[in-house]
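Biologist: Please show me the sequence and the structure, and then let us discuss the model by question and answer.

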Amino acid sequence: MTEKVAPPPQIRFLSVDFDCPDPAVLSHFYSSMLGLPVLFSSDDFILLGRGGESGLGFVRVADYRRPTWPDPTEGKQAHIELGVDDLDAAQSYVLSLGAELPSFQPDITHWRVLLDPAGHPFCLSFNG
């Protein structure tokens with residue numbers, strides 16, 4: 001007699017969550033940049049996305065420490081790659097939303113590393 005093996009449970013990717021000092025501020029930045037609506041909101045957590053797709057979450061951390069990238073003292077904590085057709089235009093836009101441009105740029109012709117308002121690095125990668 002053969003023993004039946006149960007199928008693995010259904011697991012699906014829901015979100016990437018960012019620690020931050022203020023979920024409202026950081027979620028507004030990403031919502032404006034990516035055009036993602038709020039799916040869920042509380043004082044300590046906000047989830048952006050579209051129904052049926054993976055999203056981005058923002059979690060309040062009382063003793064949040066800003067990443068110090070590229071210095072490894074405080075790790076980068078998360079990293080998102082965003083594809084763009086025009087690096088300069090995309091960089092200008094996200095800077096106008098509150099991103100910061102660090103002085104260290106590993107390869108400015110192919111991608112730009114920026115910091116979100118809570119200090120998480122993210123990349124704008126040319127894919128045109």
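Predicted model: local features only at pLDDT ≥ 70, side-chain atom pairs only at ≥ 80, totals over all residues.

Modeller: Residues are numbered from 1 along each chain as its sequence is written, and side-chain values use heavy atoms, with hydrogens and water left out.

Biologist: In what order do the four strands of the open sheet lie?

Modeller: Helices (H or I, at least four residues) and strands (E, at least two) are DSSP runs, numbered from the N terminus, and two strands pair if DSSP finds at least two bridges between them. The pairing in this sheet is mixed, and the order is E1-E4-E3-E2.

Biologist: Which strands stand at the edges?

Modeller: An edge strand here has a single partner strand, so one side of it is left without a neighbour in the sheet. This applies to strand E1 (15-20) and strand E2 (38-41).

Biologist: Which residue in E3 stands opposite Val38?

Modeller: E2 pairs with strand E3 (residues 45-48) in the antiparallel sense, over three bridges. Within E3, the residue opposite Val38 is Leu48.

Biologist: What angle does the direction of helix H1 make with that of E4?

Modeller: Helix H1 (residues 23-34) packs on the sheet and touches E1, E3 and strand E4 (55-60), where contact means heavy atoms within 4.5 Å. Axes are lines fitted to C-alpha atoms, for helices over the stretch in contact, and angles run from 0 to 180 degrees between N-to-C directions. On that basis, the angle between H1 and E4 is about 160°.

Biologist: Which residues does Ser27 touch, not counting residues up to four places away in sequence?

Modeller: Ser27 lies in helix H1 and counts as buried at 5% relative accessibility. With that sequence limit, its contacts are Ile46, Leu48 and Phe58.

Biologist: How many residues apart in sequence are the parts that the pair of Phe18 and Phe58 ties together?

Modeller: Rings of Phe, Tyr and Trp (its six-membered ring) pair if their centres lie within 6.5 Å; planes under 30 degrees apart count as stacked, over 60 as edge-to-face and the rest as tilted. Phe18 and Phe58 are stacked, at 5.7 Å centre to centre and 10° between the planes. Phe18 lies in strand E1 and Phe58 in strand E4, so the parts tied together are 40 residues apart.

Biologist: Which residues do ring pairs link into a cluster?

Modeller: Tyr30 and Phe58 also form a stacked pair, at 5.5 Å centre to centre and 25° between the planes. That pair links helix H1 with strand E4, the two residues being 28 residues apart. The cluster consists of Phe18, Phe29, Tyr30, Phe58 and Phe122.

Biologist: What distance separates the C-alpha atoms of Lys76 and His110?

Modeller: Lys76 lies in the loop between E4 and E5 and is partly exposed, with a relative accessible area of 39%. Lys76 and His110 are 34 residues apart along the chain, and their C-alpha atoms are separated by 20 Å.

Methods: Buried < 20%, exposed > 50% of the residue type's maximum accessible area, 1.4 Å probe, protein only.
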